[in-house]
Amino acid sequence: MKIIFTPLIAGKPWNGRTLTDEPLGGSESAVGFLARALALRGHEIIVYTHHPEQGFYDGVEYRNVYWLRDLHKDFCDVHISSRWPDILSTMPPDRVGQRILWVHDLGNQVLQGDKIVFLSQYHIGQYPIEGEAAKRCFVIGNGVNLGDFLNFVPLEKREPGKMLWTSNPDRGLHVAARILQELRHAKRWPELTLHIFGRAAVYGWGQEAEAPFYPRAEDQEGVVVHEPVSKTELAQVLKTAWCLFYPTTWPETFCIATLEAQAAGTPVIAAPYGALTETVKGGILSYDFEGAIEQLHDPAVWNRLSNVGRKYAAQCDWLTRAQQWEEMINA
């Protein structure tokens, strides 16, 4: 099949090289990794982005959005729009087999297209879908590049008390830092630290976008701020951590950050909010963060959750997701 992807033109410019060489947000990397997986499965794939560098990366052709002016002259078997429903009407009906809208966000998009793909049951449940419209809707979760997570690191070789934040700061980073202070001071775990790799720059925004969500001055003890790193480098960092700490205030529709942690065998401690109740298997979901930390200090619990998370992530490889997309397209 010939498949064209048109992800929403916003934020950081990216292409196939960005997937491995630079930090990149979840929704953007999802398009890139799915495109790559579909190419590996024998399809002709074209992705339009606003990166100035064009060319082929891992079998996928990347074109600059400048050439979208000629999209109506092209043809394809499938046109997949990620977060950009309006672009689906660009190609005439006789030049495209199926139009598919890939929804990543909550409640702010017009649902149009021959088929619509959501990320979780929680996600699809937030939209008013009834009757015939439900037949056009499918749930396919995000994936993970398992090749980045080879060579599992056991608990005894990890840094004790090292917790990571790898998501967007606006999803509750200031809350996580405040809870960290309570755990370090009022409780009995002064060794706990929170290492921040999720930064606004990952998504193409400046420091002014993350400043309102950064820890207050009194909440910065034990907080270590890092520059963003590529997906490949982040995978290695995740394998050194004791847990991913995510007391989020954001209604996640999937959360690739927690899936990456589970692929690394790193247990997740998170709020039981949004789709996390579906997508976190190797972790503890609770608002009792003191109790969760207490549980995870038991090596038997840590190892059990680590194993469960790795097994779950192994089912979410992007090649598996590509096969699920094929089945949905052919349904």
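This is a predicted model: local features need pLDDT of at least 70, side-chain atom pairs count only at pLDDT 80 or more; totals for chains, interfaces and linings use all residues.
Arginine 199 sits in the loop between strand 10 (193-196) and helix 5 (207-210), while glutamate 210 is in helix 5 itself, so eleven residues separate the partners, and the pair links distant parts of the chain.

How many salt bridges does the structure hold? There are 22. Let me walk you through a couple of others.

Take glutamate 326 and arginine 41, whose side chains form a salt bridge at 2.8 Å, N to O. Glutamate 326 is in helix 11 (residues 318-330), and arginine 41 is in the loop between helix 2 (26-40) and strand 2 (44-49), so this pair ties together parts that are 285 residues apart in sequence. Is glutamate 326 buried or exposed? It's buried, with a relative accessible area of 11%. Arginine 41, on the other hand, is partly exposed, at 37%.

Next up, arginine 171 and glutamate 252: another salt bridge between side chains, 3.0 Å from N to O. Arginine 171 lies in the loop between strand 9 and helix 4 (173-186), and glutamate 252 lies in the loop between strand 12 and helix 7 (256-263), so here parts 81 residues apart in sequence get tied together. Glutamate 252 has a relative accessibility of 3%, so we call it buried.

And salt bridges can join up: Lys2, Glu61, Arg63 and Asp74 are linked in a network of them.

Now, on to backbone angles. Most residues other than glycine have a negative phi. Arginine 83 isn't a glycine, yet its phi is positive, about 70°. You'll find arginine 83 in the loop between strand 5 (76-82) and strand 6 (96-102), and it's partly exposed, at 22% relative accessible area. Asparagine 151 also has a positive phi without being a glycine, about 65°. That asparagine is in the loop between strand 8 (137-139) and strand 9 (162-165). With 68% relative accessibility, asparagine 151 is exposed.

Last stop: alanine 241, in the loop between helix 6 (231-238) and strand 12 (243-246). This alanine is buried, with a relative accessible area of 0%. So what does alanine 241 touch, if we skip residues up to four places away in sequence? Its contacts are Arg158, Lys162, Leu164, Thr266 and Trp302. And the C-alpha atoms of alanine 241 and proline 267 are 9.0 Å apart, with the two residues 26 apart along the chain.

Note on methods:
Residues are numbered from 1 along each chain as its sequence is written. Side-chain values use heavy atoms; hydrogens and water are left out. Helices (H or I, at least four residues) and strands (E, at least two) are DSSP runs, numbered from the N terminus. Buried means under 20% relative accessible area, exposed over 50%, partly exposed in between (1.4 Å probe, protein chains only). Contact means heavy atoms within 4.5 Å. A salt bridge is a side-chain nitrogen of Lys or Arg within 4 Å of a carboxyl oxygen of Asp or Glu.
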